[in-house]
Amino acid sequence: MSAEADGGAGGDIRVLAVDDHRLLREALCELLELYQGLTVVAQADDGPSGVRMAGLHRPDVVLLDVEMPGPGPLANLRAIRLAAPEARVIVLTMHDDRRLIDSMLSAGAVGYLHKEADREVLVAAIRSAMAGGTTMFLPRTSKGSRPERETDPADALTLRERELMELVAEGLSNRQIGSRLGITEGTVKRHLRNIFDKLGATSRLDAVNRVRPSRRY
């Protein structure tokens with residue numbers, strides 16, 4: 001069984017969502033449609049339906065849940081990649097098992113996101129996948145444990161740096177950010193270097209993860 005959505009503009013990133021949790025899947029798709037440049041072309045509620053939709057729609061990105069009835073996450077991933085070889089597969093899960101992570105990434109997934117990830121992290125991961133990047137987001141603390149520190153990492157940033165990070169989270173390029181803020185691309189790069197130093201971040205997405213606290217979709 002599957003539910004489909006019409007595609008959008010030809011230049012958009014075309015997304016297929018595969019998740020057997022209907023309410024979560026539909027809410028996720030509605031959320032993605034709010035972002036410029038993203039279009040949900042189809043939905044599926046199990047692995048075999050996801051494979052069929054991937055072959056039919058040839059999406060750019062597939063969001064694949066691991067806990068679904070059927071042959072299992074690895075088999076679903078491999079079948080989707082056979083049906084749509086150009087599609088980038090991002091795994092969505094509630095598990096942070098290292099063996100599962102390694103096996104999914106080894107099988108060709110370009111992202112592994114815990115479902116506690118912020119929505120901007122998901123959107124940034126989708127854009128990163130289209131640029132050839134690989135993203136992994138896991139919760140910083142296990143369930144039931146208390147964080148070691150209560151301070152917000154964003155407290156170290158200036159107002160301008162926080163404003164810039166909001167645009168980074170939207171997936172904008174340095175040039176687009178500079179245009180939006182009325183500053184040069186070089187100034188954007190200098191701000192990013194300062195932000196990385198303050199947060200101890202190694203990439204744009206890592207900085208987004210550190211600034212934005214995790215919360216469920």
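This is a predicted model: local features need pLDDT of at least 70, side-chain atom pairs count only at pLDDT 80 or more; totals for chains, interfaces and linings use all residues.
Residues are numbered from 1 along each chain as its sequence is written, and side-chain values use heavy atoms, with hydrogens and water left out.

The protein contains nine helices and seven strands; these are DSSP runs numbered from the N terminus, helices being H or I of at least four residues and strands E of at least two. Of its 217 residues, 47% are buried, where buried means under 20% relative accessible area, exposed means over 50% and partly exposed lies in between, with a 1.4 Å probe and protein chains only. Among contacts (heavy atoms within 4.5 Å) between residues at least 6 apart in sequence, 69% join residues at least 24 apart.

Just after helix 6, G171 adopts a positive phi of about 85°.

The axes of helix 6 and helix 7 (residues 174–181) come within 10 Å and cross at roughly 130°. Such axes are lines fitted to C-alpha atoms, for helices over the stretch in contact, and the angles run from 0 to 180 degrees between N-to-C directions. Helix 6 and helix 7 are therefore oblique to each other: angles under 35 degrees count as roughly parallel, over 145 as roughly antiparallel, 65 to 115 as roughly perpendicular and the rest as oblique. From helix 6, R160, E163, L164, L167 and V168 make the contact, and from helix 7, I177, R180 and L181. By class, this contact of helix 6 with helix 7 comprises five nonpolar, no polar and three charged residues. Here Ala, Val, Leu, Ile, Met, Phe, Trp, Tyr, Cys and Pro count as nonpolar, Asp, Glu, Lys and Arg as charged, and the others, Gly among them, as polar.

Helix 7 also packs with helix 8 (residues 185–199), at an angle of about 105° and with the axes 8 Å apart. These two helices, helix 7 and helix 8, are therefore roughly perpendicular to each other. N174, R175, I177 and G178 of helix 7 meet E185, V188, K189 and L192 of helix 8. The residues of this contact between helix 7 and helix 8 divide into three nonpolar, two polar and three charged.

Individual residues complete the account. T93 lies in strand 5 (residues 88–93) and is buried, with a relative accessible area of 0%. Apart from its neighbours within four places in sequence, T93 is in contact with D65, V66, Y112, L113, H114 and K115.

S103 belongs to helix 4 (residues 98–106) and counts as partly exposed, at 24% relative accessibility. The side chain of S103 reaches the backbone oxygen of L100 at 2.8 Å. S103 and L74 are 29 residues apart in sequence, and 7.6 Å separates them in space, C-alpha to C-alpha.

Finally, R58 is located in the loop between helix 2 (47–57) and strand 4 (61–65). Although R58 is not a glycine, it has a positive phi of about 45°.

Definitions and conventions
A polar contact is a pair of N or O atoms within 3.5 Å; within protein, one must be able to donate a hydrogen and the other to accept it, and residues adjacent in sequence count only if both atoms are side-chain atoms.
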